[in-house]
Amino acid sequence: MNTDERYLHLLSHTYPTVADAASEIINLEAILNLPKGTEHFLADLHGEHEAFIHVLKNASGNIKRKVGEIFGNTIREAEKKELCTLIYYPEQKLELIKAQEEDLDDWYRITIHQLVRVCRDVSSKYTRSKVRKSLPEEFSYIIEELLHERTDDQDKAAYVAVIVDTIISTGRADDFIVDICNVIQRLAIDQLHILGDIYDRGPGAHIIMDTLRQYHSWDIQWGNHDILWMGAAAGNDACICNVLRLSLRYANLATLEEGYGINLVPLATFALETYGDDPCEEFIPKLLKDTKMDEKTLQLTAKMHKAISVIQFKEEARIFHRRKEWEMENRCLIESVDVKEKTCIVDGKKYSLNDSHFPTGVAELTPEEEALMQKLHHSFRVSEKLRKHIRTILSHGCMYKICNQNLLFHASVPLNNNGTLKEVEILGKNYSGRQLMEYIGQLIRSAFQSDTPADVKAYAKDFFLYLWCGKDSPLFDKSKMATFERYFLSDKETFHEEKGNYFRLRDSAEVCDRILDAFGVKGETRHIINGHVPVHAGSGENPIKAGGRLMVIDGGFSEAYHTETGIAGYTLIYHSRGFQLVQHEPFTSTQDAIQRGTDIKSTTQLVEMSSRRMLVADTDKGAELRAQISDLKALLYAYRHGTVNQ
């Protein structure tokens with residue numbers, strides 16, 4: 001028996017008769033002609049959980065757009081806003097309405113009918129089977145009946161009215177409304193793509209991860225800040241220091257302490273003992289607008305910030321010396337500090353220090369620093385929630401993804417000066433383009449696998465640091481990371497970080513086409529979509545580059561970027577009619593959204609609209625379904641000619 005026959009015999013177990021195989025062919029052919037599901041692209045969330053959850057709930061304005069299309073001029077704008085807010089935050093909004101509404105039964109009746117209309121619209125591009133799987137078990141039958149019966153059918157109007165009245169009279173209206181709102185949210189987006197950087201700066205990366213773990217369908221292309229946390233979870237001490245330093249820099253300890261249970265008491269104790277008399281002026285944290293901190297806490301945070309920064313530079317130097325092939329020993333700047341002269345040598349040139357207080361020296365870690373790092377290392381390694389979240393990131397993502405003629409990655413693809421793919425050496429072998437991304441993905445996973453050879457695992461663990469700050473890292477792609485210079489030197493010429501060739505050449509359609517070819521992305525409407533570098537919309541920078549081949553969707557979700565970018569992020573929607581780029585204003589708060597119905601103010605830009613509505617047949621899923629149909633037709637032929645028995 002050849003391979004094809006064995007496969008058909010296996011397939012016959014799932015479809016044991018001609019009728020079964022034929023029914024599935026009919027089903028799959030029908031699915032091919034449904035409209036393409038909506039994809040939602042977000043990048044660089046940076047712990048801004050409230051804005052992220054709101055954008056997730058409103059589908060970047062997709063739900064608001066649908067409500068507008070469905071109801072048009074039949075209801076007031078204020079009513080549309082109330083309905084949208086109810087869909088986004090049903091439990092909280094219901095409490096407010098019940099406290100204010102005089103005729104609650106009448107409100108229930110009108111609102112349930114409105115919600116059913118919205119739900120019918122968002123479910124129209126899916127099969128009944130897929131919709132059924134999205135429905136809550138408790139109301140599955142009722143919602144399905146309401147979705148497929150229309151009040152304009154005179155024979156069924158009374159039937160529908162009785163269903164709604166009974167929901168209200170049995171006291172189940174609140175539960176029903178909550179469930180149908182959640183169904184609308186779920187069906188508004190078919191697939192969510194996160195283009196990296198869930199972590200750092202904002203206070204709720206762990207809340208974002210908890211939300212994603214419950215989300216129906218999503219993937220992630222790892223970002224440099226995600227890699228830093230993955231390295232910390234894998235036990236890379238330099239990554240642990242960087243994670244702590246960034247959290248202290250933005251006075252954001254919620255993710256560490258509340259989210260992952262990291263014990264910072266040993267660091268606070270060490271910082272007070274070692275830097276007690278040091279004002280640590282360069283290490284005063286950057287307070288975001290809603291952060292309140294008394295002077296005593298501010299000073300303690302600054303001391304902790306300096307303590308972990310000094311340890312970080314020493315830990316990084318250890319790895320740079322150990323991995324000489326990275327050619328990063330010139331970044332061991334702490335070792336070139338002359339405390340007496342108050343100078344430091346950078347690229348062969350001597351500069352004055354603005355802070356020369358190094359009570360623990362500038363070479364090896366002191367015994368006290370070693371003891372502190374052991375405690376911090378242990379705290380990261382035993383955090384069950386951190387381990388769970390990193391496993392989720394590993395299982396849902398990698399360095400890049402190709403989906404429906406779109407190449408997704410976080411930051412860059414290393415290039416030579418002439419725009420050709422650059423070869424990067426890892427463990428004695430050269431990789432470029434797609435092979436580089438795939439090998440890095442394998443190497444990262446090997447750091448978490450128990451059967452990885454010890455030498456490879458040790459290298460993989462160290463490599464997280466290179467991915468964070470190495471010049472040929474696809475997640476960094478700059479000449480250097482000038483962290484030391486920004487803390488300890490006043491001369492701003494030392495701060496400059498030369499961006500890699502990808503960022504210099506990405507406006508070229510030819511270069512983007514070369515990258516797309518190298519990754520095997522075909523089609524007339526192919527694109528690169530990435531984030532990483534905030535788009536300075538306030539100064540006129542366009543997120544659409546290379547004649548439409550490249551879309552950059554990091555407009556700065558993080559509050560720390562808002563003054564720099566002038567906006568609060570881009571998101572991208574790809575539905576059956578084409579691409580819509582959504583530019584967001586800063587999100588006020590969840591409380592404002594619930595109480596006053598304030599949505600994120602968004603401007604939608606039509607990037608590329610299709611001349612005809614795209615179908616499932618036009619997608620990657622369509623190609624899979626056609627292959628399944630071909631196999632099933634082969635099985636039908638085998639049944640009818642007796643080579644496989646029913």
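Modeller: What follows is a conversation about confidence, cavities, strands, aromatic rings and backbone angles.

Biologist: What kind of model is this, and how are residues numbered?

Modeller: This is a predicted model in which local features need pLDDT of at least 70 and side-chain atom pairs count only at pLDDT 80 or more, while totals for chains, interfaces and linings use all residues. Residues are numbered from 1 along each chain as its sequence is written, and side-chain values use heavy atoms, with hydrogens and water left out.

Biologist: What pLDDT does the chain average?

Modeller: The average is 90, and 92% of the residues score at least 70; pLDDT is the predictor's confidence in each residue, from 0 to 100.

Biologist: Where is confidence lowest, and where is it highest?

Modeller: Helix H25 (residues 562-565) is lowest, at a mean of 51, and helix H13 (residues 224-234) is highest, at 98. Helices (H or I, at least four residues) and strands (E, at least two) are DSSP runs, numbered from the N terminus.

Biologist: What is the volume of the largest cavity, and which residues are closest to its centre?

Modeller: Its volume is about 160 Å³. Of the 15 lining residues, Phe 313, Glu 316, Phe 320, Arg 331 and Met 481 are the closest to the centre.

Biologist: Which elements give two or more residues to that lining?

Modeller: They are helix H17 (295-322), helix H21 (454-469) and helix H22 (483-488). H17 gives the most, with four residues.

Biologist: On to strands. What is the order of the open sheet of three strands?

Modeller: The order is E4-E5-E6, with antiparallel pairing; two strands pair if DSSP finds at least two bridges between them. Strand E4 (337-338) and strand E6 (349-352) are the edge strands, each pairing on one side only. Strand E5 (residues 343-346) and E6 pair over four bridges, and Thr 343 stands opposite Ser 352 in E6.

Biologist: Which way do the residues of strand E12 point?

Modeller: In E12 (residues 527-530), His 527 and Ile 529 point one way and Ile 528 and Asn 530 the other way, and all are buried. Buried means under 20% relative accessible area, exposed over 50%, and partly exposed in between (1.4 Å probe, protein chains only).

Biologist: And which residues stand opposite Ile 529?

Modeller: Leu 408 stands opposite Ile 529, and Ile 529 also stands opposite Met 551 in E14. Strand E9 (residues 406-409) runs parallel to E12, joined by three bridges, and E12 pairs with strand E14 (residues 550-552) in the parallel sense, also over three bridges.

Biologist: Now the rings. How many aromatic pairs does the structure hold?

Modeller: It holds 21. Rings of Phe, Tyr and Trp (its six-membered ring) pair if their centres lie within 6.5 Å; planes under 30 degrees apart count as stacked, over 60 as edge-to-face and the rest as tilted. One of the pairs is Tyr 199 with Trp 229, which is stacked at 4.7 Å centre to centre with 20 degrees between the planes.

Biologist: Why does that pair tie together parts 30 residues apart in sequence?

Modeller: Because Tyr 199 lies in the loop between strand E2 (191-194) and helix H12 (205-213), whereas Trp 229 lies in helix H13. Tyr 199 and Trp 229 are buried.

Biologist: Which residues form the aromatic cluster?

Modeller: Phe 283, Phe 313, Phe 358, Phe 484, Tyr 487 and Phe 488 form one cluster. Phe 488 is in helix H22 and is buried, with a relative accessible area of 0%.

Biologist: Lastly, what is phi of Arg 201?

Modeller: It is near 75 degrees, a positive value in a residue other than glycine. Arg 201 is in the loop between E2 and H12 and counts as buried at 12% relative accessibility.

Definitions and conventions
On a 1 Å grid over the protein atoms alone, a cavity is a set of points where a 1.4 Å probe fits but cannot get out, and a pocket is an open set with protein on both sides within 12 Å along at least five of seven lines; lining residues have an atom within 4 Å of a point. Grid points are joined across faces, edges and corners, and a volume is the space filled by probe spheres set on the points.
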